[in-house]
Amino acid sequence: MIQLVLARHAKSDWADEGLADHDRPLNHRGLRDAPAMARTIARKGVRPEAILSSTALRARQTAEAFACVFDAEITEQAELYLADPAQVLAAARAAGVDEVMVVAHDPGMSALVSRLADRDERMVTCAVAIFTWHEGTWDDVDATPPDEFELVTP
C-alpha cells in the first residue's frame, strides 16, 4: 500500500509585516487547527511513517503538531518551500517509505492534489489530502488514479 498525505501549512501570522515570508509563524487559529487536524486524520487511520516539511517556520510548526500525534520524525527539506507539484512528489518518493506526509505550501499543494484527484481542488490552510493506492509502488502514484482519496479541511 502507498499512502500520500499532503498537508498545506496552517494559518500564518501576518502581524509583523517586517518578517520575511519564510519566517512567518502560525497565528492563533493555525496553532489551534494543526493539532485538531492531526487528531482528525489519526482517527481515520492515517499513520505516516515519515513527515517531510518545508523549512518555512509556519510549515515546520504545522508538521510538529502532526508529528506529536503520529510520533513520527520530521525531515525538513528546503526544496519544499514554495515547491511545485513535481518537487513535492519527488520528495515523497525519495522518503523511502510507503506512507509519507508532506507539509508544504500553495500553489504547489493545490496543483498536486488537483492532478492526483483528477479534479480541481483547493487546499485551504491546514487542509489535508489523503491518497491511497492499495497495490503498486511509488512509480504508480502519478500514473494510476488512487484507490481512495479524501480531502479533509478544518
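These legends describe close-up views of a predicted model.

View 1. With a relative accessible area of 0%, Ser53 is buried. A polar atom of the Ser53 side chain is placed 3.4 Å from the backbone oxygen of Ala59. Leaving aside residues up to four places away in sequence, Ser53 touches Ala59, Arg60, Ala63, Ile74, Thr75, Glu76, Gln77, Leu80 and Val103.

**View 2. Glu135 in the loop between β5 and α5.** The loop holding Glu135 runs between β5 (128–133) and α5 (138–141). Glu135 has a relative accessibility of 69% and counts as exposed, because the cut-off for exposed is over 50%. Asp147 is 12 residues from Glu135 in sequence, and the two C-alpha atoms are 8.9 Å apart.

**View 3. The cis peptide bond from Asp106 to Pro107.** Omega of this bond is near 10 degrees. Most peptide bonds are trans. Pro107 sits in the loop between β4 (99–104) and α4 (108–117).

**View 4. Positive phi at Asp71.** Asp71 is a residue other than glycine, and its phi is near 50 degrees. Most residues other than glycine have a negative phi. The loop that contains Asp71 lies between α2 (57–70) and β3 (74–76). Asp71 counts as exposed, at 74% relative accessibility.

**View 5. Positive phi at Cys126.** Phi of Cys126 is near 70 degrees. Cys126 occupies the loop between α4 and β5. Its relative accessibility is 1%, and Cys126 counts as buried, because the cut-off for buried is under 20%.

**View 6. Cys68 and Cys126, neither in a disulfide.** The whole structure was searched and zero disulfides were found. For Cys68, the nearest cysteine sulfur is that of Cys126, 14 Å away. For Cys126, the nearest cysteine sulfur is in turn that of Cys68. The pair is not a disulfide because the sulfur atoms are 14 Å apart, whereas a disulfide requires them within 2.5 Å. Cys68 is exposed, with a relative accessible area of 70%, whereas Cys126 is buried, at 1%.

Terms used. Residues numbered from 1 in each chain as written. Predicted model: local features only at pLDDT ≥ 70, side-chain atom pairs only at ≥ 80, totals over all residues. Heavy atoms only, no water. Buried < 20%, exposed > 50% of the residue type's maximum accessible area, 1.4 Å probe, protein only. Polar contact = N/O pair within 3.5 Å; in protein donor to acceptor, adjacent residues only side chain to side chain. Contact = heavy atoms within 4.5 Å. Helix = DSSP H or I, 4+ residues; strand = E, 2+ residues; numbered from the N terminus.
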